[in-house]
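Opened the notebook to go through charged pairs, then the surface. Entries are in the order I looked things up.

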Amino acid sequence: MILSTTPAIDGHAIREYKGVVFGEVITGVNFLKDFAASIRNFVGGRSGSYENELVQARQNAMEEMAQRARSMGANAVVGIDIDYEVLGADNGMLMVTASGTAVIID
């Protein structure tokens, strides 16, 4: 499965458009990560726990999108866009959405 943010893939012709596909992940951020991040925020530096959570959520959304494309008979997804949102009353949830167009390429 080829995944691309571009509308086409060099060296491959798009033979068929299968449709738009999505992968969504909503994950909660726990108290310990919030506490560690608040300390980092105070003293400076990067929050490794939040970065790891973000990387994992993005990978899971991409994998889910690719799986949905495969189930449609596609062998590639083009025009991928990834969006991030915070949800919940206290912004304690992270939502990552990956979307693109499932296609069949040569």
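Started with Arg15 and Asp106: their side chains meet in a salt bridge, 3.7 Å from N to O. This is a predicted model, so I read that distance as computed. The pair ties together distant parts of the chain, with Arg15 in strand S2 (residues 14-28) and Asp106 in the segment after S4, 91 residues apart. Checked the cover on Arg15 too: it is exposed, at 58% relative accessible area.

How many salt bridges does the structure hold? I get 4.

Next I looked at Lys18, whose side chain meets that of Glu16 in a salt bridge at 3.2 Å, N to O.

Then Arg68 and Glu24, a salt bridge of 3.0 Å, N to O. Here too distant parts of the chain are linked: Arg68 sits in helix H2 (residues 48-71) and Glu24 in strand S2, 44 residues apart. I noted Arg68 as partly exposed at 36% relative accessibility, and Glu24 as partly exposed at 33%.

Last, the nonpolar side of things. Which residues make the nonpolar surface patch of about 240 Å²? I found Ile26, Leu87 and Met93. Met93 lies in strand S4 (residues 93-105). At 33% relative accessible area, Met93 is partly exposed, and it can join a patch because the cut-off there is over 30%.

Definitions and conventions
Residues are numbered from 1 along each chain as its sequence is written. This is a predicted model: local features need pLDDT of at least 70, side-chain atom pairs count only at pLDDT 80 or more; totals for chains, interfaces and linings use all residues. Side-chain values use heavy atoms; hydrogens and water are left out. Patches are made of residues with over 30% relative accessible area and no salt bridge: like charges are joined within 9 Å, nonpolar side chains (Val, Leu, Ile, Met, Phe, Trp, Tyr) within 5 Å. Accessible areas come from the Shrake-Rupley method with a 1.4 Å probe; for residues, only the protein chains shown count as cover. Helices (H or I, at least four residues) and strands (E, at least two) are DSSP runs, numbered from the N terminus. Buried means under 20% relative accessible area, exposed over 50%, partly exposed in between (1.4 Å probe, protein chains only).
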